[in-house]
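Reader: Please show me how to read this structure. Where do we begin?

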Amino acid sequence: MPMPSDERAIDRWVDRLPETRVFKFLASWILVPLWARLTPVKPLPGGPHPSFQRGDNVQCMMNLIMPLKDKSPVGRAQAALAIAQNKDAIFAGLNNVGTVHFARFVIVGDNICMFSVYDGDFTNYIRDFIATIGSVFNAVVELVEGGEAVIPCENNVEAFIQWVHERDLYQVPDTATDFLRDQEALNGDRAVSPVNDDLTLLPRKLVLQLRANANVSLGSGYRAYPGFSAAQVRERLGLGW
Amino acid sequence: MVDASVAKRLVEAIIGNLPAPVPGRRPVHTIGVGVKGEFVASDVARTYCIAEHFQGRPVPVSMRFSNGLGGLEQHDGWSDVRGMAVRFHLPDGTASDLIATTLGEFFVRNVDDFFEFAKVAKLEPYRRRHWLLKIADFLRLKVPPRNPYPNETESVDAGALRYADGHRFSQLGIFQVGLIGAPESYARASYHAVHTFWVTAPDGVRRPVRFSWQPVAGVRNIPPADVSHDQYLFEELKSRIKRWPARFMLMMTIGEEGDALDDPTKPWPGTRMRIAMGTLTLTEVPEDPEDQKAAGERISFNPCRLAPGIEASNDPILEARLGAYEVSREMRGGCPFRWRPDDANAK
């Protein structure tokens with residue numbers, strides 16, 4: 001026999017409250033800034049999580065978001081032209097380095113973005129490309145806010161690598177709890193048990209983190225053939241080197 | 001190997017936290033349905049594992065889908081872990097079992113953790129949170145506990161959360177249980193065997209692996225706010241299989257050095273190689289009650305009943321399950337089964 005429900009009209013109203021425009025406005029403009037002041041979070045660093053394991057060092061993801069200096073259609077056209085004019089250089093560079101599975105330049109709003117999947121260490125990856133397509137990097141980065149400080153990249157290798165790293169998106173882990181571990185690690189907290197956490201705070205922690213890291217890559221990404229390098233794929237498919 | 005007294009205590013700890021244990025039935029995953037089917041290995045499976053069912057010949061299968069909760073009340077629409085226990089019937093009369101659930105990671109690392117969890121995560125009265133407290137949660141950017149389901153008066157959720165707050169290794173498993181939901185169909189959920197196993201290839205190479213079943217029809221849950229569904233999964237599966245066969249792919253992820261081989265609370269990264277080991281086709285939900293019992297209720301699955309070529313890892317929970325499942329089988333009068341053709345003590 002079903003028990004009579006204890007749900008009242010006020011319960012239904014409160015349950016719907018977070019979906020209302022009023023509450024969303026309150027949350028965005030008052031609650032989030034307030035909690036960001038009371039419980040500040042530091043921005044989390046971008047790029048893949050460091051790992052010595054082989055599978056984690058192939059098909060690594062880079063997600064660069066670079067705001068354009070000229071935030072107009074003309075500025076975006078200049079960025080598109082910088083890529084189009086260097087197509088041969090880009091392809092030659094990618095073929096010669098041989099560690100890139102995919103690379104794309106994308107304009108989103110007033111940003112020029114570069115998304116790539118590569119094998120190996122991040123700093124070596126950027127170093128290899130400075131050596132082979134440094135001129136393309138210079139052409140693109142010249143159009144980006146703050147870019148003049150690190151070009152020509154061939155003469156500012158370390159600074160350029162650091163600059164790119166700062167614009168590589170934080171990769172939110174596949175699991176919500178691993179995201180908590182990232183926050184804790186940034187604060188030097190590596191305790192496992194016993195601890196005194198409050199898992200019900202996870203939504204707030206996520207919201208505040210996404211305030212500190214406004215652009216993020218969600219999850220480790222889907223891979224059809226994880227664990228294989230570009231070189232292995234080419235070898236097994238008989239594509240030559 | 002966990003000794004018999006510990007295995008018994010494990011089962012008693014589980015039973016002690018049930019509202020009304022049912023004699024003769026499984027203490028948890030009590031509600032379930034037996035299904036018959038067939039497994040055919042992929043053309044690469046035999047290169048990774050010498051086990052008989054991976055050699056490519058079709059292998060008949062008995063499986064049991066289940067709801068995780070204990071007791072005879074069937075609540076398909078409640079957020080709950082689901083089980084998929086599969087027995088591969090091998091040509092020599094033995095079998096290999098693969099027991100999986102919709103929970104990808106476990107919430108304790110070993111038996112001691114489990115006993116502590118059982119002490120903390122007790123059944124407690126579960127009521128709707130007062131609306132004033134919910135508003136306070138929203139103002140603190142917290143999500144309040146879910147509303148109780150119709151007729152739900154007790155839950156272990158609060159105790160499990162207290163345990164998770166004190167032990168970070170448990171947080172992923174407990175968090176996932178909280179979000180798991182109710183599947184639209186048993187055939188539209190992914191099931192994970194959680195533990196690491198070792199598989200031996202024809203060249204003798206041993207690899208640590210984890211298995212998952214992925215539904216060919218895709219994963220789909222019912223909307224969380226829909227509390228009108230309560231008993232639908234059995235009929236849904238019967239009508240689904242009558243229209244067309246339901247299928248699962250068996251995915252095997254290969255671990256690397258440094259991965260957690262003996263810790264079921266830790267996931268492996270998505271960057272690990274995964275192999276499609278074969279396809280399972282569900283062909284029939286037996287309607288005759290005796291056939292249904294034979295297909296599901298009478299079978300005593302065990303996660304350590306493994307064909308040659310597959311071995312259990314040193315995962316302490318997997319070791320504990322070997323004994324706990326046998327204790328549970330004896331308590332409910334389940335059928336023993338020959339572990340190996342030369343097991344003189346088995347029937």
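Author: Begin with burial: buried means under 20% relative accessible area, exposed over 50%, partly exposed in between, with a 1.4 Å probe and protein chains only. Of the 241 residues of chain A, 39% count as buried. This is a predicted model: local features need pLDDT of at least 70, side-chain atom pairs count only at pLDDT 80 or more, and totals for chains, interfaces and linings use all residues. Residues are numbered from 1 along each chain as its sequence is written, and side-chain values use heavy atoms, leaving out hydrogens and water.

Reader: How many helices and strands does chain A have?

Author: Helices (H or I, at least four residues) and strands (E, at least two) are DSSP runs, numbered from the N terminus. Chain A has 9 helices and 5 strands.

Reader: Why is chain A called more spread out than a compact globule?

Author: Take the radius of gyration over C-alpha atoms; the globule rule is 2.2 Å times the number of residues to the power 0.38. For 241 residues the rule gives 18 Å, and chain A comes to 23 Å, well over that, so it is more spread out. Its C-alpha trace spans about 70 × 45 × 40 Å along the principal axes.

Reader: In which order do the 3 strands of the open sheet lie?

Author: Two strands pair if DSSP finds at least two bridges between them. Here the order is 1-3-2, with antiparallel pairing. Strand 1 (60-67) and strand 2 (100-108) of chain A are the edges, each pairing on one side only. Strand 1 and strand 3 (residues 111-118) of chain A share 8 bridges. Met62(A) has Ser116(A) in strand 3 as its bridge partner.

Methods:
Chains lettered and ligands numbered in written order.
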